[in-house]
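Work through the exercises below with the structure open. Try each task before you read its solution.

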Amino acid sequence: TGLKKGYLEGIFDIIEGKKADNILFLSSFLMKPLLEQLLKESPYFKSNNIKIEVPQNRFFGGNICKGDLLVVQDYIDYIKDCKRSSGINPDLVIIPSSPFNLSGWGRDLTGRVYLDIERVTRV
């Protein structure tokens, strides 16, 4: 219920505004199937090179499958690993806002601001 079909139009506008060709969506294990289905049905995402990946939750470890528990460093580590090892070199990375809405200040559970993801990875 956290991902509404109407959000896709806004995301598409961002993709168009950035003129991004290689888009990396980072999702949770639980939301990935829904995101895949929504993107497949959406008229907006037919021509883009889109990958949907699930970052590992290193902060808490184990088999955490809820994305709200991911922290900034989890995203940074995953993006760097993708760029280095898998050859994925995204123009744009789209992450869920839910891990950063709990504080009301755009910070994760550790207090780190989400803007650090872009600052560190340069994506």
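**Exercise 1.** Where is the place of Arg122? Then describe its backbone and its exposure.

Solution. This is a predicted model, in which local features need pLDDT of at least 70, side-chain atom pairs count only at pLDDT 80 or more, and totals for chains, interfaces and linings use all residues. Residues are numbered from 1 along each chain as its sequence is written, and side-chain values use heavy atoms, with hydrogens and water left out.

Step 1. Arg122 sits in the segment after helix 5. Helices (H or I, at least four residues) and strands (E, at least two) are DSSP runs, numbered from the N terminus.

Step 2. Check the backbone. Most residues other than glycine have a negative phi. Arg122 is not a glycine, yet its phi is positive, about 65°.

Step 3. Check the surface. Arg122 has a relative accessible area of 75%, so it is exposed. The cut-offs are: buried under 20% relative accessible area, exposed over 50%, partly exposed in between (1.4 Å probe, protein chains only).

**Exercise 2.** Find the place of Lys19 and say why it counts as exposed.

Solution. Step 1. Lys19 is in the loop between helix 1 (7-18) and strand 1 (22-26).

Step 1. Lys19 counts as exposed because its relative accessibility is 69%.

Step 2. Lys19 also has a positive phi, about 55°, although it is not a glycine.

**Exercise 3.** Is Thr121 buried or exposed? Which residues does Thr121 touch?

Solution. Step 1. Locate Thr121: it belongs to helix 5 (residues 115-121).

Step 1. Thr121 has 4% relative accessibility, so it counts as buried.

Step 2. List the contacts (heavy atoms within 4.5 Å). Leaving out residues up to four places away in sequence, Thr121 touches Ile76, Ile79, Lys80 and Lys83.

**Exercise 4.** How many aromatic pairs does a search of the whole structure find? Describe each one.

Solution. Step 1. The search finds two. Rings of Phe, Tyr and Trp (its six-membered ring) pair if their centres lie within 6.5 Å; planes under 30 degrees apart count as stacked, over 60 as edge-to-face and the rest as tilted.

Step 1. Tyr75 and Phe100 form a tilted pair, 6.0 Å centre to centre, with 45° between the planes. Tyr75 lies in helix 3 (residues 72-86) and Phe100 in helix 4 (residues 98-101), so the pair ties together parts 25 residues apart in sequence. Both Tyr75 and Phe100 are buried.

Step 2. Phe100 and Tyr114 form a tilted pair, 5.8 Å centre to centre, with 45° between the planes. Tyr114 is partly exposed, at 38% relative accessible area.
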